[in-house]
Amino acid sequence: MFTFCRSAVVVQRKLNTFQITNLLNSITKRTMMTTKINEVQESYLKESCILVDKDDNVIGAESKKNCHLIDKTDNKCLLHRAFSVFLFNQSGELLIQQRSDAKITFPGYWANTCCSHPLSNPGELEAEGAIGVKRAAQRKLKHELGIEPQQVPLDDIHYITRVHYSAPYDKTWGEHEIDYILFTQKEVDLCPEPNEVQNYKYVSQEQMKEFLANADATNTKISPWLQLIAKSHLFEWWTNLNNLKSNFNHGKILRL
């Protein structure tokens, strides 16, 4: 009887080891699947971004991939030029989007209307009046949200200021940007690209404040750049939506 019980224990132990091995293999496979970069998003990593110094002077170009890989020596990425569009409807509500789960950095996070990078090409490098950045914004509004360029003319995209921030996503990827803040107030037709945007909504100032305040309690992920901009000047700029020129600060880069 004792021998039988001992054998049963041995069999049970072997079974547990077998089950544990299968479980670990299953977890490993699932991890490999979930960490695999989306093919469409991976193709964008070849794009050439604009490298800048801390004062936004162009110093070169580098792939989007290399711009977002964290340097282990200082835990930062290469500093590059970016933009954040804040699009309002005629009621003064802000359009915000939830990033697709396919995104490499901050997937599933809520952000402002559109965030991306001007590319290192003559049209988007042009500095006068931030026209190159505005062209990039117009391009990405079409790509991410399906907004036709004629609905957001370059003259109606207003360059407010620049902010400098750094934010790691994980141990591999992150953000380090001189970010051009762009405001526009237009009624637009939306047709989001699912690989870029999984959800969107218009919010009033009060709704936005509540949305940010309740983020932790509701397990809502907010992009670090939106959090930083909201904590600094967003609501001040928003209040002056009918007098945007009073918000312009082109001579100083805000360090967030």
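This is a predicted model: local features need pLDDT of at least 70, side-chain atom pairs count only at pLDDT 80 or more; totals for chains, interfaces and linings use all residues.

Modeller: Residues are numbered from 1 along each chain as its sequence is written, and side-chain values use heavy atoms, with hydrogens and water left out.

Biologist: What is the mean pLDDT of the protein chain, and where does pLDDT stay under 50?

Modeller: pLDDT is the predictor's confidence in each residue, from 0 to 100; its mean over the protein chain is 87, and 86% of the residues reach 70 or more.

Biologist: Why is Ile 229 called buried?

Modeller: Buried means under 20% relative accessible area, exposed over 50% and partly exposed in between, with a 1.4 Å probe and protein chains only. Ile 229 has 1% relative accessibility and therefore counts as buried. Ile 229 is found in helix H7, where helices (H or I, at least four residues) and strands (E, at least two) are DSSP runs, numbered from the N terminus.

Biologist: Which residues are in contact with Ile 229, leaving aside its neighbours within four places in sequence?

Modeller: They are Phe 86, Asp 179, Ile 181, Leu 234, Trp 237 and Leu 256. Leu 256 lies 27 residues from Ile 229 along the chain, and their C-alpha atoms are separated by 7.9 Å.

Biologist: What puts the buried residues of helix H6 on the same side?

Modeller: In H6, residues 205–213, the buried ones are Gln 205, Met 208 and Phe 211. Because they cover an arc of only 120 degrees around the axis, they are on the same side of H6, the arc being that of the directions from the helix axis to the C-beta atoms. The face turned away from that buried side carries the exposed residues Glu 206, Glu 210 and Ala 213.

Biologist: What makes a set of residues a nonpolar core, and how many residues has the largest one?

Modeller: A nonpolar core is a set of buried Ala, Val, Leu, Ile, Met, Phe, Trp, Tyr and Cys residues joined through side-chain atoms within 4.5 Å. The largest has 31 residues, and Met 208 is one of those with the most contacts inside it. A second, separate core of 24 residues includes Ile 50, Leu 79, Phe 83 and Ala 130.

Methods:
Contact means heavy atoms within 4.5 Å.
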